[in-house]
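Visitor: I have the sequence and the 3D view open. Can you walk me through them?

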Amino acid sequence: MNKRNILITGGAGFIGSHVVRLFVMKYPDYNVINLDKLTYAGNLANLKDIENAPNYKFIKADICDIEVMLSIFTQHNIDGVLHLAAESHVDRSIKDPFTFAKTNVLGTLSLLQAAKECWKDNYEGKLFYHISTDEVYGALQFDNTLFTEATKYDPHSPYSASKASSDHFVRAFHDTYGLPVVITNCSNNYGPYQFPEKLIPLFINNIRNKKPLPVYGKGENVRDWLYVEDHARAIDVIFHKGKVGGTYNIGGFNEWKNIDLIRVIIKTVDKLLGNAEGTSDNFITYVTDRAGHDLRYAIDSTKLKNELGWQPSLQFEQGIEKTVRWYLDNQTWMDNITSGEYEKYYDEMYNGR
Ligand code: NAD
Ligand code: TYD
């Protein structure tokens with residue numbers, strides 16, 4: 001196996017921590033450098049089990065700082081980038097779009113520039129892998145259509161607009177300077193270590209604490225859910241075998257209307273807590289809809305399956321039970337997050353909706 005020096009950005013976040021863990025454990029000959037600013041969403045407790053691995057190193061830094069990015073590329077002789085660092089929550093982007101433009105667009109640009117400057121004499125064996133979202137494609141109607149790699153970009157939220165913009169910069173660096181890149185657009189992820197501002201961990205935690213479950217609008221919006229470890233596996237396959245310059249959609253072929261998903265979460269939490277079925281149903285609280293709320297996302301990941309043989313490994317019922325169990329078994333992880341600053345966020349976000 002080749003020795004490699006891999007830079008993973010955003011590795012202290014939800015998906016990034018699963019990707020870091022997979023690479024550290026599966027590739028002992030790779031040096032895995034996790035670069036993360038540790039914003040509210042970054043949490044080194046997500047990586048406790050591998051923090052002392054000999055092939056792992058953590059660097060606290062901001063991707064927007066081009067000078068620091070250049071020195072990290074040079075000092076560590078980086079030959080592969082897995083770029084996950086981002087502001088990732090739609091509701092926050094509605095309140096503060098500038099932070100999203102700065103991190104997601106300018107931060108990605110500064111990483112691209114650092115890669116270009118360090119690699120310009122030799123792109124051989126190098127790869128800049130940009131992790132993006134299906135939200136760049138906009139919203140589907142309630143029909144059978146799916147997002148494919150050919151779907152036109154049509155972002156609606158400040159979050160998806162910033163991710164779309166970063167995708168365009170990545171392609172521009174490939175087309176203009178020949179930078180070896182690959183982009184993937186994935187559907188909604190779920191699983192352990194997700195920050196509890198996102199639907200699934202928020203609702204599991206609220207049911208446990210007997211708090212209201214804020215359903216936006218009528219709960220009719222549809223999302224396509226993928227277990228996070230399946231996403232990490234797809235990233236591994238694409239990083240090693242994907243076509244340079246290419247795009248791959250990653251999804252679970254697993255669409256759920258929010259309210260139906262919420263009922264599955266309630267049923268699973270009640271079952272695992274030993275409550276009678278229906279105990280927590282009355283925590284459902286319909287609240288004002290999210291502004292510009294995309295109706296439906298659904299990914300067609302046939303290209304990835306046909307070209308590289310990847311497909312989701314977990315059935316949703318197994319995945320959701322595993323996830324609920326993990327949050328209930330790791331209450332200290334959750335309680336450490338939901339004390340302090342989080343309270344302020346929660347009050348601002350949900351009180352008065
Ligand atoms: P997350 O919010 O849990 O983690 C983001 C991480 O990036 C955090 O550790 C944070 O500290 C770090 N970060 C933020 N700004 C930074 C900066 N300026 N410099 C360095 N680090 C910074 O996000 P996530 O859900 O793990 O998503 C990871 C990536 O995957 C994002 O690019 C997101 O757009 C994409 N994505 C997420 C989903 C999903 O369902 N969560 C789906 C598809 C794609
Ligand atoms: P979220 O986890 O924020 O992911 P995204 O907006 O990127 O899809 O939300 C998933 C869906 O759940 C989305 O349609 C919004 C909805 N939602 C609620 O109804 N209530 C909530 O409290 C949250 C956080 C989300």
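Visitor: Which strand gives the largest share of the shell around ligand 1?
Guide: Keep in mind that this is a predicted model. Four elements each supply at least two residues of that shell: helix 1 (14–26), strand 5 (127–133), helix 5 (158–177) and strand 7 (188–190). The largest share is 3 residues, and its source is strand 5.

Visitor: How many nonpolar residues are in the shell around ligand 1?
Guide: In total, 28 residues surround ligand 1, and among the closest are I15, D36 and K163. Sort the shell by class. It has 11 polar and 4 charged residues, and the nonpolar ones number 13.

Visitor: Which residue has a backbone N or O atom 2.7 Å from a nitrogen atom of ligand 2?
Guide: Look at the surroundings of ligand 2. There are 19 residues around it, and the closest are E135, P214, R223, R290 and H293. The backbone atom that lies 2.7 Å from the ligand nitrogen belongs to P214.

Visitor: What share of ligand 2 does the protein bury?
Guide: Side chains reach ligand 2 as well. A polar side-chain atom of R223 lies 2.8 Å from an oxygen atom of ligand 2, and a side-chain N or O atom of N258 is 2.9 Å from an oxygen atom of the ligand. Taken alone, ligand 2 exposes 510 Å², and the buried share is 97%.

Visitor: Which elements give two or more residues to the shell around ligand 2?
Guide: By class, this shell divides into 9 nonpolar, 5 polar and 5 charged residues. The elements that give two or more residues are helix 6 (199–208) and strand 8 (213–216).

Visitor: How are helix 8 and helix 10 set relative to each other?
Guide: Helix 8 spans residues 258–273 and helix 10 spans residues 316–329. Their axes are 10 Å apart, and the packing angle is about 55°. The crossing is right-handed. An angle between 35 and 65 degrees counts as oblique, so helix 8 and helix 10 are oblique.

Conventions
Residues are numbered from 1 along each chain as its sequence is written. Chains are lettered from A and ligands numbered from 1 in the order in which they are written. This is a predicted model: local features need pLDDT of at least 70, side-chain atom pairs count only at pLDDT 80 or more; totals for chains, interfaces and linings use all residues. Side-chain values use heavy atoms; hydrogens and water are left out. A residue is near a molecule or strand if one of its heavy atoms lies within 4 Å of it. Ala, Val, Leu, Ile, Met, Phe, Trp, Tyr, Cys and Pro count as nonpolar, Asp, Glu, Lys and Arg as charged, and the others, Gly among them, as polar. A polar contact is a pair of N or O atoms within 3.5 Å; within protein, one must be able to donate a hydrogen and the other to accept it, and residues adjacent in sequence count only if both atoms are side-chain atoms. Accessible areas come from the Shrake-Rupley method with a 1.4 Å probe; for residues, only the protein chains shown count as cover. Axes are lines fitted to C-alpha atoms, for helices over the stretch in contact, and angles run from 0 to 180 degrees between N-to-C directions. Angles under 35 degrees count as roughly parallel, over 145 as roughly antiparallel, 65 to 115 as roughly perpendicular and the rest as oblique. A crossing is left-handed if the near helix is turned anticlockwise from the far one by less than a right angle, and right-handed if clockwise.
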